[in-house]
Amino acid sequence: MNLASQVFYLGRRSVIRILRQPANWVFPLIFPLALMAVNTGGLHAATNLPGFPSDSFLAFFLAFPFIQGALFATVNAGVDLARDIQTGFLNRLALTPMRSGALLAGHLAGVIAVGAVQALWYLTVGIVVGVRFESGALGAFVIFVLAVLIVFAFGSFGALAALRTGSTEAVHSLFPLFFVFLFISSMNLPRNLIETDWFRIAASLNPVSYLIEAIRSLVIEGWNAEALALGFGIAITLSIVGLTLSSLALRGRMSRT
Amino acid sequence: MRQLVSVTNAVAWRMLHNNFTTPSLLIPGLVFPLFFFTAFAGGLSRVNDVPGFRFPVGYTAFQFVFVLLQSAAFAGVFTGFGIVRDFESGFIRRLMLAAPDRRGILLGYTLGALGRWLVTATVLTTVAVVVGMQVGGNGVDLFALYALAVLVNFCGLLWSAGVAMRLRSLQAGPVMQLPVFLCLFFAPVFVPVSLLAGWLQVIAHLNPVTLLLESGRSMIAGDPTHVAAAFAAALALVAAFSVWAVRGLRKAEAAGG
Amino acid sequence: MERAIEVRGLVREFKGGIKAVAGIDLDVEPGEIYGFLGPNGAGKSTTVHMLTTLLPPTAGSARVGGFDIVKQGPEVRRTIGAALQEAALDPLLTGREHLKLQLALHGIPRHERLARADELLERVGLRLAADRKIGGYSGGMKRRLDLALALAHHPRILFLDEPTTGLDIQSRTALWDEVVRLKRDDGVTVFLTTQYLEEADVLADRVGIIDHGRIVAEGTPAVLKAEIGRPTIEALPGDGTDSEMLERILCRFGALQPSTAGVAVRLDGQGDLADIVRALDAAEVRVADLHLHAPTLDDVFLAKTGRSLEGSGEEEPEPE
């Protein structure tokens with residue numbers, strides 16, 4: 001069986017498992033939007049701050065669910081992979097002609113599939129509640145592509161955690177760490193409006209800020225080449241780093257001859 | 001009475017011992033409130049400049065009250081997770097068999113949640129003072145603020161205990177957490193209620209947490225308002241959730257633990 | 001004829017210098033059921049992990065199905081099936097989905113997969129439960145599915161790592177029957193690890209006993225038992241039995257053995273059970289009970305290691 005077929009079957013299994021755990025896909029579809037609704041309602045007044053880049057906090061904040069949804073997809077899929085290691089299912093797969101790369105690719109294929117559905121959902125909800133995309137339909141498509149790339153990047157780190165630790169608890173415990181990256185960012189305010197120096201600096205060093213800003217620019221600005229270059233560049237870099245490290249971790253985990 | 005006290009103390013001691021000797025239980029409970037305090041007070045301090053925002057002792061104190069109450073509520077919820085673990089492991093059956101007065105089990109959990117939160121509150125307060133939070137209230141005002149937080153802690157625990165004793169499995173987790181989260185966040189978290197967006201303002205007015213939050217903030221500002229109403233609401237919630245929890249205990253007994 | 005499994009000086013050392021397998025040699029003929037018996041922590045699972053290519057050896061060599069386990073890993077895996085110590089199933093998939101995935105990964109063409117899955121499910125008695133998720137299976141059902149998965153691609157050699165641990169008697173017997181059938185009808189070579197004496201005794205053509213990473217005895221169960229000697233007679237005294245007289249009489253027939261319940265001697269050929277009964281009768285020595293113990297594999301283990309097999313285990317180090 002060729003690599004593509006193996007990736008297909010393992011990816012299909014990954015998707016089936018996610019679908020059979022409703023909490024793993026219902027919650028990521030609803031919770032980020034609920035949080036968005038709360039933050040939008042709570043910080044609507046921030047649009048009155050001089051220099052705030054939009055008169056709609058909803059449009060400003062729409063980037064958030066894409067990032068948080070990607071985090072959920074990552075942690076959930078990472079936990080599934082860790083469970084495979086804990087139960088010995090990985091050994092079962094290792095005893096087949098499956099190529100190691102197919103395991104990782106199949107796992108990430110599942111994460112991407114979920115991420116794609118999530119991205120479409122968030123875009124749809126955004127359009128339905130009246131968010132205007134300054135970059136038009138093409139911009140919405142680019143948001144979709146970037147969102148899927150972000151899911152892939154985060155997913156590779158989730159796989160890394162699963163392969164390095166082989167423990168579902170350890171992967172779960174990543175979630176607070178990802179949360180920190182999400183909150184200490186330009187999620188709630190543009191970086192130039194963050195008053196607290198250390199927070200602004202931390203947000204400027206945080207790659208997640210640029211991912212958020214890339215998506216946000218397509219919603220509230222139009223075509224901002226710098227923001228897009230930074231967003232895509234960081235997503236691609238994270239993907240390469242995550243994939244490399246998780247491939248190495250897989251080699252160590254599957255020490256078959 | 002003596003039996004009730006001895007069971008209460010035994011259960012409380014166990015919860016506190018497990019919490020303070022298990023890093024994976026202790027650290028999130030301490031770190032998350034600090035993290036939220038940092039993210040909200042640090043990242044959103046510019047909200048102080050929003051037209052119409054008037055809080056005499058500054059945004060740090062404004063957010064401190066929210067994080068204090070949030071940490072109190074979630075200390076109760078996290079203790080609820082511990083109750084679920086006891087059901088999953090079967091330990092609750094051991095408690096029910098041994099305890100001459102089973103109400104002591106519930107009281108013990110309540111005391112355990114309080115003990116857990118008191119440590120968090122101490123750390124949080126220390127950090128707030130160190131970063132220079134301004135305090136307008138006097139000793140009585142501050143005592144009232146922390147007393148209100150204690151009642152919120154009881155509410156969090158009693159709600160979670162009732163859920164845990166009814167569901168008796170990991171499924172209880174989201175059911176415990178989500179309503180508490182929504183109650184806390186459908187409130188004036190970032191700005192006073194007068195500055196919330198229309199729909200959220202309506203919900204916030206109906207949400208009892210708003211009363212607790214605004215009263216708490218008035219205490220720290222040194223101009224206490226609606227104190228009696230806030231305590232009445234909190235005590236009413238404690239009473240209601242107590243009934244909920246005790247009935248849950250009876251259901252758990254009937255199911256054999 | 002080439003051996004099914006050939007092992008020479010196989011060693012596996014873990015971090016901290018722990019030698020889980022300290023140099024073993026063994027051969028398994030094609031179509032044989034080889035029982036690998038030892039307490040917990042003896043090195044059984046580590047040996048199986050090496051022979052199934054999941055763990056590289058630290059030293060030594062082995063050939064499985066004619067292929068080198070280090071240099072020809074993929075070829076080995078094509079030849080073998082394995083049901084390891086953990087059932088290793090996905091609780092979210094059904095039995096049929098497990099089989100279809102396994103068959104797909106082994107490159108079985110799509111048009112054959114359904115039929116093969118049905119055949120295997122029928123064989124292990126899971127046809128009716130095939131479309132239920134594994135989370136709802138009993139321990140016995142999981143083990144049967146595990147076996148079906150191991151057989152999916154018609155392996156010539158089957159590794160079973162403690163396959164009946166935790167199963168009830170009915171499930172255990174059913175699994176034994178299937179193992180015997182595999183050997184008899186399909187000519188499959190079976191390498192079976194177990195800590196149950198009875199299982200090795202009943203199933204295995206030959207037994208290798210491992211302790212602390214080394215093979216301490218090897219041979220057919222009958223030969224191993226005969227090697228360590230003759231049967232033991234144990235007499236349990238009743239009320240009023242003259243214990244000294246009992247001991248004197250029994251010692252005429254063999255050497256005294258440790259016994260917690262009464263008096264035991266290992267027969268030395270000077271008489272048999274009937275002779276002992278006659279001697280006791282003649283001396284008017286009454287006993288509550290008289291037992292004849294044929295040597296067991298535990299006696300073999302005891303003779304070779306000075307310890308009883310049951311209750312002598314330690315944790316085997318986990319492969320990293």
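In this predicted model, helix 3 of chain C passes helix 4 of chain C in a right-handed crossing. The two helices, covering residues 95-105 and residues 110-123 of chain C, pack at an angle of about 125 degrees, and their axes are 9 Å apart. Angles over 145 degrees would count as roughly antiparallel and those from 65 to 115 as roughly perpendicular, and helix 3 of chain C and helix 4 of chain C are therefore oblique to each other.

**The helix contact in chain C**

- Helix 3 of chain C brings Gly95(C), Arg96(C), Leu99(C), Lys100(C), Leu103(C) and Ala104(C) to the contact, while helix 4 of chain C answers with Arg113(C), Arg116(C), Ala117(C), Leu120(C) and Leu121(C).

**The domains of chain C**

- The domain assignment of chain C gives domain 1 as two stretches, 5-89 and 137-225, and domain 2 as residues 230-294.
- Between the C-alpha centres of domain 1 and domain 2 of chain C there is a distance of 40 Å.

**Where chain B touches chain A**

- The contact draws 26 residues from chain B and 24 residues from chain A.
- On the side of chain B that touches chain A, at least two residues each are supplied by helix 2 (23-43), helix 7 (172-185) and helix 8 (198-206) of chain B, and helix 2 of chain B gives the most, with 7 residues.
- The residues on this side of chain B divide into 19 nonpolar, 5 polar and 2 charged.

Terms used. Residues are numbered from 1 along each chain as its sequence is written. Chains are lettered from A and ligands numbered from 1 in the order in which they are written. This is a predicted model: local features need pLDDT of at least 70, side-chain atom pairs count only at pLDDT 80 or more; totals for chains, interfaces and linings use all residues. Domain bounds come from an automatic or database domain assignment. Axes are lines fitted to C-alpha atoms, for helices over the stretch in contact, and angles run from 0 to 180 degrees between N-to-C directions. Helices (H or I, at least four residues) and strands (E, at least two) are DSSP runs, numbered from the N terminus. Angles under 35 degrees count as roughly parallel, over 145 as roughly antiparallel, 65 to 115 as roughly perpendicular and the rest as oblique. A crossing is left-handed if the near helix is turned anticlockwise from the far one by less than a right angle, and right-handed if clockwise. Two residues are in contact if their C-beta atoms, placed from the backbone, lie within 7 Å. Ala, Val, Leu, Ile, Met, Phe, Trp, Tyr, Cys and Pro count as nonpolar, Asp, Glu, Lys and Arg as charged, and the others, Gly among them, as polar.
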